[in-house]
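Student: I'm new to this one, could you walk me through a part of it?
Tutor: Gladly, here is the structure.

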Amino acid sequence: MTGPHHHDVLVVGGGNAGISLAAKLRRDGCRDVAIVEPKDVHEYRPLLSYVAGGMATLDDLRRPQAEAMPRGVRWYRDAVTSIDPARSAVRLASGGELTYSDLAVCPGSQVDWDAVPGAQDAVRTGAASTNYLPEHAPATWEMLSALTSGTAVFAISDRHVPCAPVGLKPLFLAADHWRRTGVLDAITVELVVEADRLVDLDESDQELRAAAAEYGVRVRTATSVESVDGASRRVRLRTPDGPDEIRYDTLYLAPPHRAPGWLASSGLTSPESDGFLAVDPVTLQHRDHATVWGLGDAAEVDALPSGGALRKQVPVVAHNIAARRTGATMRHYDGYSVGPVTTSRTQLLLAEFDRQGRKEPTLRVPDLARPRRSLLVFDRYVEPQIYWRRLLRGKVS
């Protein structure tokens with residue numbers, strides 16, 4: 001690439017957030033939109049929890065990135081190394097540079113193994129796994145389904161984990177499998193959750209605790225994993241009552257996540273944003289740079305990061321980019337998010353709430369916050385088709 005290329009709107013990241021936004025901008029009439037994304041394969045990541053539960057494969061969630069890209073959008077197969085908001089410029093790993101009129105930053109987050117010493121080494125032993133890295137999701141189900149006795153520990157962090165409650169899916173899918181195969185009574189199941197609740201909606205939290213009790217799961221909230229010793233298969237915990245330790249036969253991790261380091265080195269974070277993009281959580285505009293916008297897992301928006309949240313964030317950013325230019329009133333994001341959690345291999349509940357933990361259902365009837373067979377069918381089979389055919393085509397409002 002010779003010399004900088006300028007684009008009206010430049011999008012960093014070709015995941016759910018980036019492609020949905022680019023497609024929405026195109027549908028709204030923006031003629032010059034470009035995406036920077038190095039990966040050649042696009043993944044519908046919500047299915048990874050079903051891969052970890054033996055109800056999907058990696059082939060079910062993957063398509064070529066070229067097929068996911070919206071028509072009329074320029075795709076740079078490259079990675080971002082830095083952003084200079086003062087110059088409205090983005091530096092690429094290839095050495096090139098792009099400039100922009102508005103910039104949408106949505107590169108996603110990544111597993112932060114350094115936050116839990118020993119966890120990455122433990123995963124390499126085969127007795128621990130996670131579905132938050134696609135390459136480990138099939139091994140997660142192999143590990144869980146092979147267990148016939150012993151102790152299974154499920155540890156779910158709340159440190160920027162994308163849709164942390166979905167980390168409960170492998171637990172309930174595995175517990176139901178163990179019950180069906182007659183080995184559940186021989187397995188001690190420990191659930192360690194760093195947050196105070198299983199999900200930030202009282203009604204659904206009660207449903208999930210009741211489901212856990214039916215399987216005999218010991219639930220520990222406000223408890224975090226301090227370190228893992230893969231050689232001795234021990235998890236060291238920090239609990240409200242002090243330190244503790246559990247020996248495991250299998251360990252499932254929904255580990256802490258962090259944002260790309262170049263966000264901080266580009267001056268786009270703040271002391272309060274913990275290394276994530278510092279945006280106004282209502283308008284999603286950067287607090288210091290008016291032409292920079294953030295959405296998705298890499299932005300600190302004071303709400304649970306989730307794919308469902310993007311259905312609200314994408315229209316807000318698309319509208320507000322135009323509103324900034326024309327002086328129109330900006331739209332607001334109220335922190336809506338959603339946690340679809342299975343309670344068995346046949347039922348699922350949908351916890352929908354805003355950043356204050358208030359119920360915000362898509363439908364008033366029926367009550368989706370309670371487990372239903374139809375919701376599991378929708379989440380596993382229908383929602384992926386909506387994703388590929390509508391959301392990635394900008395048909396979101």
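Student: Which residue does Ala128 stand opposite in E17?
Tutor: In this predicted model, Ala128 stands opposite Leu251 of E17, where strands are DSSP runs of E with at least two residues and helices runs of H or I with at least four, numbered from the N terminus. Residues are numbered from 1 along each chain as its sequence is written, local features need pLDDT of at least 70, side-chain atom pairs count only at pLDDT 80 or more, and totals for chains, interfaces and linings use all residues. Side-chain values use heavy atoms, with hydrogens and water left out.

Student: And how many bridges join E10 to E17?
Tutor: Two bridges join them, and the strands run parallel; strands pair if DSSP finds at least two bridges between them.

Student: What about E11 and E17, how many bridges there?
Tutor: Those strands pair over five bridges, in the parallel sense, and Val153 has Leu251 as its bridge partner in E17.

Student: Switching topic, which residues of H6 are buried?
Tutor: In H6, residues 137–146, they are Ala137, Thr140, Trp141, Met143 and Leu144. Seen down the axis of H6, they fall within an arc of 160° (taken from the directions from the helix axis to the C-beta atoms), so they line one face of the helix.

Conventions. Buried means under 20% relative accessible area, exposed over 50%, partly exposed in between (1.4 Å probe, protein chains only).
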